[in-house]
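Reader: I would like to learn how to read the features of a structure such as this one, taking them one at a time. Could you begin with the general idea in each case and then turn to the example?

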Amino acid sequence: MGIKINVGMKQDYSYLFQGLSSGSGGMGNLNFLSDYASIKNGSYGKLMKAYYGGGQNSGTASAGKKSNSSDVVDRILEEKKNPKISKEAQEANTKLTTGLSSLNTSVSALRNEKTYTDTNGVSAADKTAAAVKNYVSNYNDVVNAAKGSTLKNKTAYVANMMSATAANADKLSEIGVTINSNGTLSLNEEKLKAAGVSKVQELFSAKDITSYGSTIASRVQFAGGASASASTDAAGSTQTNNTAGSNASTLKADARKLASEELYAKIKDKDGNETDQYDIANIFATAKSFVSNYNKLFDTAGSSSNSGAVANLSYIREKTARSADTLKQFGISVDYKGRMKIDEDTFKKADMSKVQRFFKEYGSSVATNASLVDFYMTTQANSASGYTADGGYNVQGNFLYTL
């Protein structure tokens with residue numbers, strides 16, 4: 001039975017995963033932070049030992065009690081550092097990880113143009129129907145697994161993926177896909193076949209980075225569905241984080257410069273009088289650097305599992321997609337993968353006053369998000385989901401965001 005959805009409003013499916021968070025709102029995060037800080041600086045252990053060991057009499061009996069109390073403290077500290085996970089949660093975590101990989105494969109097939117062409121006697125209609133059916137099945141596996149998973153950095157993106165699906169409910173309905181009350185999908189194969197291949201292809205278009213298919217693909221990849229290689233090696237992961245942080249910092253500097261008044265100051269003549277000419281060479285050099293660092297940032301940070309960094313990368317990419325037509329007027333094109341390219345001749349012939357007005361808003365906005373990417377990729381470079389073996393705790397994995 002389908003759920004009634006107001007597509008005009010962005011749906012928040014975080015309620016499906018409420019059992020994953022501790023406390024309510026920001027207080028849960030603060031409590032975890034407090035625990036973490038106390039464990040790291042030793043005050044937690046001292047407090048517990050003082051509590052269990054206080055008021056004891058001297059002698060053998062006292063020594064035995066203190067030994068027992070120390071054992072209790074050690075057990076409490078160990079559980080704080082390495083919280084036990086139920087068998088059910090472990091199974092859900094495994095299913096979610098494998099499910100995301102399968103979902104990445106199925107959404108990739110729907111974004112592949114070859115799916116929509118006849119091949120070896122198999123019609124495009126049959127191939128498309130099979131691909132959509134496979135997508136719905138894998139999507140449902142991921143949603144169901146996420147409900148019992150403790151992998152908060154992954155479930156955050158599943159919730160966001162579900163919000164994107166809700167926002168496209170009407171378009172999905174046109175191809176026979178409806179959203180159930182529990183967030184899973186149902187498929188009407190007859191309606192799918194009647195809709196036609198082109199409608200499905202448009203919905204999952206890889207050439208449009210704002211399409212439903214592209215949005216789902218990015219969320220699945222951010223959740224780790226594409227590859228887990230970025231976090232398999234601690235040293236390599238740290239190096240990647242640091243490099244991404246550096247690229248984000250450089251992009252931020254370029255974006256701020258493009259948004260500044262100083263860059264567009266008119267050239268002065270030999271007598272020191274202001275002319276009506278811009279220093280186009282300098283403006284172009286800054287724009288070229290911006291484009292280069294924009295691409296480098298996504299190359300280094302695009303596969304990050306840090307949800308804070310990825311959220312801000314998403315904001316940057318979506319702002320750029322919305323501004324693609326304007327950027328094109330200045331010779332800056334954005335391909336279907338979201339990468340930028342700048343044409344020198346077109347840029348230098350553009351009206352620099354329009355360039356200035358555009359980057360005053362767009363550049364400032366990108367700089368803000370790039371600054372946050374820098375923060376998450378450097379300050380929180382080694383954070384992981386939940387408490388780690390050394391007492392570390394990933395605060396970033398403890399909230400769900402919606403776009």
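This is a predicted model: local features need pLDDT of at least 70, side-chain atom pairs count only at pLDDT 80 or more; totals for chains, interfaces and linings use all residues.

Author: Residues are numbered from 1 along each chain as its sequence is written, and side-chain values use heavy atoms, with hydrogens and water left out.

Reader: How many helices and strands does the protein chain have?

Author: Helices (H or I, at least four residues) and strands (E, at least two) are DSSP runs, numbered from the N terminus. In the protein chain there are 16 helices and 6 strands.

Reader: What share of the protein chain is buried, and what share of its contacts joins residues 24 or more positions apart?

Author: Buried means under 20% relative accessible area and exposed over 50%, with partly exposed in between, using a 1.4 Å probe and protein chains only. Of the 403 residues in the protein chain, 43% are buried. Contact means heavy atoms within 4.5 Å, and among the contacts in the protein chain with a separation of 6 or more, 71% are between residues 24 or more positions apart.

Reader: At what angle do helix H12 and helix H16 pack, and is their crossing left-handed or right-handed?

Author: Axes are lines fitted to C-alpha atoms, for helices over the stretch in contact, and angles run from 0 to 180 degrees between N-to-C directions. Helix H12 (residues 280-301) and helix H16 (residues 352-378) pack at an angle of about 35°, and their axes are 12 Å apart. A crossing is left-handed if the near helix is turned anticlockwise from the far one by less than a right angle, and right-handed if clockwise; the crossing of H12 and H16 is left-handed.

Reader: Which residues of H12 and H16 meet?

Author: From H12 come Ile280, Ile283, Phe290, Tyr294, Leu297 and Ala301, which meet Met352, Phe359, Tyr362, Val366, Val373 and Met377 in H16. By class, this contact of H12 with H16 has 12 nonpolar, no polar and no charged residues, where Ala, Val, Leu, Ile, Met, Phe, Trp, Tyr, Cys and Pro count as nonpolar, Asp, Glu, Lys and Arg as charged, and the others, Gly among them, as polar.

Reader: How many aromatic pairs does the structure hold, and why is the pair of tyrosine 135 and phenylalanine 204 edge-to-face?

Author: A pair of aromatic rings is described by the distance of the centres and the angle of the planes. Rings of Phe, Tyr and Trp (its six-membered ring) pair if their centres lie within 6.5 Å, and planes under 30 degrees apart count as stacked, over 60 as edge-to-face and the rest as tilted. The structure holds 13 aromatic pairs. In the case of tyrosine 135 and phenylalanine 204, the ring centres are 5.4 Å apart and the planes stand at 80°, so the pair is edge-to-face. Because tyrosine 135 lies in helix H5 (residues 124-147) and phenylalanine 204 in the loop between helix H9 (197-203) and helix H10 (212-222), the pair ties together parts that are 69 residues apart in sequence. Tyrosine 135 counts as buried at 1% relative accessibility, and phenylalanine 204 is buried with a relative accessible area of 1%.

Reader: Where do phenylalanine 290 and tyrosine 294 lie?

Author: Both phenylalanine 290 and tyrosine 294 lie in helix H12, 4 residues apart, about one turn of the helix. Their rings form a tilted aromatic pair, 6.1 Å centre to centre with 40° between the planes. Ring pairs link Phe290, Tyr294, Phe298, Phe330, Phe358, Phe359 and Tyr362 into a cluster.

Reader: Which residues is asparagine 293 in contact with, leaving aside its neighbours within four places in sequence?

Author: Asparagine 293, which lies in helix H12, is in contact with Asn247, Thr250, Leu251 and Asp254 once those neighbours are left aside. Asparagine 293 counts as buried at 7% relative accessibility.

Reader: Is asparagine 120 buried or exposed?

Author: Asparagine 120 is exposed, with a relative accessible area of 78%. Asparagine 120 sits in the loop between helix H4 (87-110) and H5, and has a positive phi of about 50° although it is not a glycine.
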